[in-house]
Amino acid sequence: MEQELDNIIPECRNGNRKAQAQLYKMFYGFAMTIAMRYATDEHEAADILGHAFVKMFRSIHAFDANKGNFHGWVKKIIINESLDQIKLRSRFVSLEIDAVEEPFVNNSIIEKTDAAAILQLVRQLPPATHAVFVLYAIDGYTHKEISTQLNISEGTSKWHLSEARKILQKKLTTINI
């Protein structure tokens, strides 16, 4: 795939529509998986992808293979576009919180629940809480990185993560009773 990308990327830089279509098909599944983590449904994920691919093709000249891999670059664009969509549909309120109590998570309940059901519960979280949870728990961002991305304090990020865990724990407990 890397060798194929080495041929496609320069063609995309030249505005070759066939190369762009080929790159879109190559990365659609990967990109949709990321977008679905942040979107409330498939329609919103498709909107995110549309905007993200346009941004990707407009800025593909800026991609430097010597400074990172293409998958990471695409992932960053998808996540940033997802966060832009979340910011449009929600208000982030910054809270000054230093310590947040970690809720108890019963792993046996999680083990009995399939990933699709858990992802559906994550999508039901309030938008800001949803964004922080996915950034932290799924995509591996730190609270410092999240606070920069979302323009909130680290304490607010920690609060949203704690809130997400509490809500998900409660929903998981009711599902598996």
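**Close-up views of helix packing in a predicted model**

**View 1. Helices α3 and α4 cross in a right-handed sense.** A right-handed crossing has the near helix turned clockwise from the far one by less than a right angle, and a left-handed crossing has it turned anticlockwise. This is a predicted model, in which local features need pLDDT of at least 70, side-chain atom pairs count only at pLDDT 80 or more, and totals for chains, interfaces and linings use all residues. Residues are numbered from 1 along each chain as its sequence is written, and side-chain values use heavy atoms, without hydrogens or water. Helix α3 spans residues 42-59 and helix α4 residues 70-89. Helices are DSSP runs (H or I, at least four residues), numbered from the N terminus. The two axes come within 9 Å and cross at roughly 130°. Axes are lines fitted to C-alpha atoms over the stretch in contact, and angles run from 0 to 180 degrees between N-to-C directions. α3 and α4 are therefore oblique to each other. Oblique covers what is left after roughly parallel (under 35 degrees), roughly antiparallel (over 145) and roughly perpendicular (65 to 115).

**View 2. Residues of α3 meet residues of α4.** Contact means heavy atoms within 4.5 Å. From α3 come E44, I48, L49, H51, A52, K55, M56 and S59. From α4 come F70, W73, V74, I77, I78, E81, S82, D84, Q85 and R89. By class, this contact has 9 nonpolar, 4 polar and 5 charged residues. Nonpolar means Ala, Val, Leu, Ile, Met, Phe, Trp, Tyr, Cys and Pro; charged means Asp, Glu, Lys and Arg; the others, Gly among them, are polar.

**View 3. Helix α1 packs with helix α2.** α1 covers residues 2-13 and α2 residues 17-38. Their axes lie 8 Å apart, at an angle of about 135°. That makes α1 oblique to α2. The crossing is left-handed. E4, L5, I8, E11 and C12 of α1 meet A19, Q20, Q22, L23, M26 and F27 of α2. The contact divides into 7 nonpolar, 2 polar and 2 charged residues.

**View 4. Helices α7 and α8 pack at about 140°.** Their axes are 10 Å apart. That makes α7 oblique to α8. The crossing is right-handed. A131, V132, L135 and Y136 in α7 meet H143, I146 and L150 in α8. Here 6 residues are nonpolar, 1 is polar and none is charged.

**View 5. D139 forms a salt bridge with R37.** The closest N and O atoms are 2.2 Å apart. D139 lies in the loop between α7 (127-138) and α8 (143-150) and R37 in helix α2, so the pair ties together parts 102 residues apart in sequence. The whole structure has 4 salt bridges (a side-chain nitrogen of Lys or Arg within 4 Å of a carboxyl oxygen of Asp or Glu).

**View 6. Over residues 103-110, pLDDT stays under 50.** pLDDT is the predictor's confidence in each residue, from 0 to 100. For this stretch the model has 13 contacts beyond four places in sequence. Where pLDDT is low, predicted coordinates should not be read in detail. The chain has a mean pLDDT of 85, and 85% of its residues reach 70 or more.

Key. Helices (H or I, at least four residues) and strands (E, at least two) are DSSP runs, numbered from the N terminus.
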